[in-house]
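Biologist: I'm new to this one. Could you walk me through how to read it, feature by feature?

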Amino acid sequence: MKVAVVGAGGLVGRRILSVLEESELPVSALILTGHSRSVGKTMWFRGGEHPVVKTDVESLRRVDAVLLATPTEVSRDIVPRLRGGPLVIDTSSAFRLHDEVPLVVPEVNGPVVRHHHGVIAGPNCSTIQMVMVLHPLHQRYGLRRVVATTYQSVSGAGYAAIRQLEDEVRERLASGKPVFTPLGDAFSYPIAFNVIPHIDAFTPDGYTREEMKMVLETRKILGLPDLPVSATAVRVPVFVGHSESILVETDLTPDPDEARSLLASFPGVVVWDDPGTKTYPLPIMAEGKSQVFVGRVRRDLSCPRGLLLWVVADNLVRGAAFNAVGILETAFNMGLLKG
Ligand SMILES: NC(=O)c1ccc[n+]([C@@H]2O[C@H](COP(=O)([O-])OP(=O)(O)OC[C@H]3O[C@@H](n4cnc5c(N)ncnc54)[C@H](OP(=O)(O)O)[C@@H]3O)[C@@H](O)[C@H]2O)c1
């Protein structure tokens, strides 16, 4: 199978290459493309060195599958020009809510891959780790309502955001004074030693687009178009790994012990939950891993059928690259690619 990774030198693109390398997919040819910063560099894949070249849509049309790890506006431009060509797996938000585009987390709704019309979307990183936990709970107890608050790392905003956090931390420690002016364009305020309750643009009703992605994508993936979901998305000064505090209200009364064991038996979910030994997931423990980690599972004190959970995952690996390669594997195993 001939594969192209567009945006290969970005945060997600690099992880896609690593996950692809570890997969058993038979990759016979690999094209790596970028735009500016990464063009001319080389990257290793299965023992061979591959140059990152400028993105050229005509050469992308000649491969079997294109993985897009590009900004949303770039995906929006490239995807229509690939129509009728390779299978496109897009990690951006450009097409996630389009009716004809499957929005896929393989462990949750993998079979919908079959209904693709050339493009399959991977969800937002915060959505992926949330639905991995909501799905098994829904199967057992039935979901009635979901309320989530996120603690999202700066890498969720790409390479420039990591740079901004590093620069501001250095400045704060060197000067000994708080940094009040952001040292970069990734965030409107300094992110070092700070917390920003605002990710992506605001919508007219006071939510942000990031929050609405969690609402709308969750409903689409779970096939529950009327599920009441609301979210507050918060940026925190962590390099990698998103954390979420989730309140789930269900139809049947959930039992925390049973919930822990059914979550632990769901593929890709790991339960770390023992208050006695201070065992709970942390972003530094999730970094580099492809699982979703759950802890602090407990009964909600404010509603009888409520369960509270703390959910952590590597946003770049589990929240993007592992998911995208998982979609490719699913499509390959269904015989939807030549291979
Ligand atoms: N970061 C996350 O946690 C996460 C999670 C889920 C989904 N996503 C989505 O994944 C996508 C990539 O995010 P990221 O965090 O990896 O961003 P990033 O680190 O800023 O990387 C963006 C990549 O896109 C390339 N690019 C920019 N303009 C391009 C163009 N016109 N043609 C071809 N390539 C172009 C860049 O190439 P150069 O390096 O050559 O400039 C770079 O490699 C975004 O759509 C994002 O929403 C991100």
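Modeller: Helices (H or I, at least four residues) and strands (E, at least two) are DSSP runs, numbered from the N terminus. This is a predicted model, in which local features need pLDDT of at least 70, side-chain atom pairs count only at pLDDT 80 or more, and totals for chains, interfaces and linings use all residues. Residues are numbered from 1 along each chain as its sequence is written.

Biologist: In what order do the seven strands of the open sheet run?

Modeller: The order is 3-4-2-1-5-6-7, with mixed pairing. Strand 3 (42–45) and strand 7 (119–121) are the edge strands, each pairing on one side only. From one strand to the next, the twist averages 25°. Strand 1 (residues 2–6) and strand 5 (residues 65–68) pair in the parallel sense over four bridges, and Val-5 has Leu-67 in strand 5 as its bridge partner.

Biologist: What is the domain assignment of the chain?

Modeller: Domain bounds come from an automatic or database domain assignment. Here that gives domain 1 (2–123 + 320–333) and domain 2 (127–315). Their C-alpha centres lie 25 Å apart. Two residues are in contact if their C-beta atoms, placed from the backbone, lie within 7 Å; 14 residues of domain 1 are in contact with 17 residues of domain 2. On the domain 1 side, helix 4 (106–109) and helix 10 each give two or more residues.

Biologist: At what angle do helix 5 and helix 10 pack?

Modeller: Axes are lines fitted to C-alpha atoms, for helices over the stretch in contact, and angles run from 0 to 180 degrees between N-to-C directions. Helix 5 (residues 125–141) packs against helix 10 at about 85°, with the axes 8 Å apart. Angles of 65 to 115 degrees count as roughly perpendicular, so helix 5 and helix 10 are roughly perpendicular to each other. Cys-125, Ile-128 and Gln-129 in helix 5 meet Arg-318, Gly-319, Ala-320 and Asn-323 in helix 10.

Biologist: And which residues come nearest to the ligand?

Modeller: A residue is near a molecule if its C-beta atom, placed from the backbone, lies within 6 Å of it. Of the 32 residues around the ligand, Gly-7, Gly-10, Gly-34, Ser-92 and Gly-158 come nearest. Helix 1 gives the largest share of the shell, three residues. Each of domain 1 and domain 2 supplies at least three residues to the shell.

Key
Angles under 35 degrees count as roughly parallel, over 145 as roughly antiparallel, 65 to 115 as roughly perpendicular and the rest as oblique. Two strands pair if DSSP finds at least two bridges between them.
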